[in-house]
Amino acid sequence: MRRSAAVSLSVLACAVMALSACKRTETPAAPAEAAPAAAAAKPEAADATANDNLNAVLWMQRSQEYRAITEQTYRSAADHLDKALKEANWDALVPEERGNDAKGLKPAVVLDVDETVLDNSPYQARLVRDGKEYDEVTWAQWVAEKKAKAIPGVVDFAKAANAKGVTLLYISNRAVHLKEATLANLRSEGLPVADDSVFLGLGTVVEGCEQNGSEKNCRRRLAGQKYRVLMQFGDQLGDFVEVTANTNEARDALQQQYHDWFGERWWMLPNPSYGGYEPAQFNNDYSQSREARHDAKRAALDYAP
């Protein structure tokens, strides 16, 4: 998902784009940066919170462990693909999002784009360097550059799936107007793209289904009308199932409810840089100051006695 991919419906509607595609999937866009005068008034506080994302971005870009995790995830998924193809009743959509019989439909896998297929850590690194937060303008500029690299392991998996006749569907919270740049970036990185219809971005109209904020349930329903979905890949809970309440308790319940789906039908990629878990710590309220949000996250830590 790109920007911090599943948030409460009211906040998502306000924020417009959750990280996901962009703050991809699933997290809402952050408010504009504080005015220069305000920043000047509290330089120590601004400095203290500017690099909340430093270690996360550094880990994604420089750690061998990150690459090992993504590669093993996609390798393991490839090993499960034949089993999914052979079982006629195998379906990676939750029953509530499957409005028709999946038997006999063409097989497909659903992939989120940001931090699942494409690595946007260079954009995150810019924000760390400049002491800024995500916004739609700088995000769209980054997407237009078409410089995101493929997540380690995804190209081999995608090519293997494509060779078995499996269509790759990209359900992303990148807005629909970013489709052309996104598909060009995917193709340049060696990802199979059957045609323009395989990209279902934020703003895709699904007849008879009302999308709430950046939730992807309507687009998953649309995919299910034409395909039997063998697997789903993402970096946010909202990439797999609708998150109706972005609280710690509700997110815990969802993870437990579908515990057995992970590593079988659902495949989670690591993303410490952003996600719905973060705003869940400050009541999904991005109108708070950066310092207040930082303090709420610190307060949510489980400290050793």
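Me: Contact means heavy atoms within 4.5 Å of each other. With that in hand, which residues does Trp142 touch, not counting those up to four places away in sequence?
Reply: Happy to start there, keeping in mind that this is a predicted model. Trp142 touches Asp119, Asn120, Pro122, Tyr123, Arg126, Lys147 and Ala148. Trp142 itself lies in helix H7, residues 136-145.

Me: Why is Trp142 called buried?
Reply: Buried means under 20% relative accessible area. Trp142 has 4% relative accessibility, so Trp142 counts as buried.

Me: Trp142 also belongs to the contact between H6 and H7. What makes these two helices oblique to each other?
Reply: The axes of H6 (residues 121-130) and H7 come within 10 Å and cross at roughly 140 degrees. Roughly parallel needs an angle under 35 degrees, roughly antiparallel one over 145, and roughly perpendicular one from 65 to 115, with the rest counting as oblique. H6 and H7 are therefore oblique. Their crossing is right-handed. On the H6 side the contact is made by Pro122, Tyr123 and Arg126, and on the H7 side by Thr138, Trp139, Trp142 and Glu145. By class, these residues divide into four nonpolar, one polar and two charged.

Me: How do you know that the buried residues of H8 are on the same side of the helix?
Reply: The buried residues of H8 (154-163) are Val154, Val155, Phe157, Ala158 and Ala161. They cover an arc of only 160 degrees around the axis, and so they sit on the same side of H8. The face turned away from them carries the exposed residues Asp156 and Ala163.

Me: What covers that buried side of H8?
Reply: The cover includes helix H5 (64-86) and the strands S3 (106-111), S5 (149-150), S6 (167-175) and S8 (227-234).

Me: Glu115 and Asn283 both have a positive phi. What makes that worth a look?
Reply: Most residues other than glycine have a negative phi. Glu115 has a phi near 65 degrees, and Asn283 has one near 60 degrees. Glu115 is in the loop between S3 and S4 (118-119), while Asn283 is in the loop between S9 and H12 (290-299).

Me: Buried or exposed: which word applies to Glu115, and which to Asn283?
Reply: The cut-offs are under 20% for buried and over 50% for exposed. At 1% relative accessibility, Glu115 is therefore buried. Asn283 reaches 66%, so Asn283 counts as exposed.

Me: Back to tryptophans: where is Trp261, and what is it in contact with beyond four places in sequence?
Reply: Trp261 is in the loop between H11 (248-257) and S9 (266-268). Its contacts are Asp91, Ala92, Leu93, Val94 and Trp266. Val94 is 167 residues away along the chain, and the C-alpha atoms of Val94 and Trp261 are separated by 9.9 Å.

Methods
Residues are numbered from 1 along each chain as its sequence is written. This is a predicted model: local features need pLDDT of at least 70, side-chain atom pairs count only at pLDDT 80 or more; totals for chains, interfaces and linings use all residues. Side-chain values use heavy atoms; hydrogens and water are left out. Buried means under 20% relative accessible area, exposed over 50%, partly exposed in between (1.4 Å probe, protein chains only). Helices (H or I, at least four residues) and strands (E, at least two) are DSSP runs, numbered from the N terminus. The arc is that of the directions from the helix axis to the C-beta atoms. Axes are lines fitted to C-alpha atoms, for helices over the stretch in contact, and angles run from 0 to 180 degrees between N-to-C directions. A crossing is left-handed if the near helix is turned anticlockwise from the far one by less than a right angle, and right-handed if clockwise. Ala, Val, Leu, Ile, Met, Phe, Trp, Tyr, Cys and Pro count as nonpolar, Asp, Glu, Lys and Arg as charged, and the others, Gly among them, as polar.
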